[in-house]
Amino acid sequence: MDWFPLYNSIRIALISTVIIFFVGIFAAYYIAKTPRLVKGVLDVILTLPLVLPPTVVGYLLLRLFGPKRIIGAWFWDHFGIRLTMNWWSAIFATTVVIFPLMYRTARGAFEAFDETLAYSAKSLGLRNSYIFWRIRIPCCRQGILAGTVLSFARALGEYGATNMICGYTPGRTATISTTVYQLWRTNEDSLAFKWVLLNLAISFVVLQAVNLLEKRNTAPRRKEAE
């Protein structure tokens, strides 16, 4: 059994999750401060990949990163780099697809934050950067961690956009999802089923981790209510 799809899926998911962890947090934090109308428009735009079919997301990415398209052609002409049909091309797809999960979760955590803590810290002369990293983030950590874990799980199982932008090449671009599809196409059901079981096991562990984070988050609130 070739384990490359598992290795490739994990590295793509990890890199994508690291990217959206920081981008999602800062987008949620700063967009929350914008005027209501602007915030509504930006919120819709940033959440679109969550409701669009993954194949549509992949098509739009191909319109940008294809070798004869705007960004793709520039990279090919200046650096000789092809932005599609490589293993790391999938990072573009998974990052776009999972970004709304991190953004929405982080925004919800920030909205639940007690702003009186920030006002109190400012009255003591603490800097905004210190308040953000040492007060706001620790208070919102459970929600942010839950969003991070969910985003990783979604990236690990992404298929539609990934298949559009990097295709399926054994030992080069294959992921768990694309491997299952290709094995099904070639009537290798027993091997495809093994990959399905592996994906189910990983998803089960990830969801259990999210449940544990949610329990830890709600336990202090119950104690306070009592």
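On a 1 Å grid over the protein atoms alone, a cavity is a set of points where a 1.4 Å probe fits but cannot get out, and its lining residues are those with an atom within 4 Å of a point. A volume is the space filled by probe spheres set on the points, which are joined across faces, edges and corners. The model is a predicted one, in which local features need pLDDT of at least 70 and side-chain atom pairs count only at pLDDT 80 or more, while totals for chains, interfaces and linings use all residues. Residues are numbered from 1 along each chain as its sequence is written, and side-chain values use heavy atoms, with hydrogens and water left out.

A search of the whole structure finds 1 cavity of 30 Å³ or more. The volume of the largest cavity is about 60 Å³. Its lining consists of Ser9, Ile12, Ala90, Thr94, Ala155, Leu156, Glu158, Thr162 and Thr175. Two or more of the lining residues come from each of the elements α1 (4-31), α5 and α8 (141-156); helices are DSSP runs of H or I with at least four residues, numbered from the N terminus. By class, the lining of this cavity has 4 nonpolar, 4 polar and 1 charged residues. Here Ala, Val, Leu, Ile, Met, Phe, Trp, Tyr, Cys and Pro count as nonpolar, Asp, Glu, Lys and Arg as charged, and the others, Gly among them, as polar.

A pocket, by contrast, is an open set of points with protein on both sides within 12 Å along at least five of seven lines. The second largest pocket has a volume of about 260 Å³. It is lined by 14 residues, of which Tyr29, Lys33, Glu115, Ala118 and Arg136 are the closest to its centre. Helices α5 (89-111), α6 (115-123) and α7 (128-139) each give two or more residues to this lining, which comprises 8 nonpolar, 1 polar and 5 charged residues.

Helix α5 also holds Arg107. This arginine is buried, with a relative accessible area of 17%; buried means under 20%, exposed over 50% and partly exposed in between, with a 1.4 Å probe and protein chains only. Beyond its neighbours within four places in sequence, Arg107 is in contact (heavy atoms within 4.5 Å) with Ala28 and Asp43.

The cysteines remain. With a disulfide taken as a pair of cysteine sulfur atoms within 2.5 Å, the count is 0. For Cys139, the nearest cysteine sulfur is that of Cys140, 6.4 Å away. Cys139 is partly exposed, at 47% relative accessible area, whereas Cys166 is buried, at 1%.
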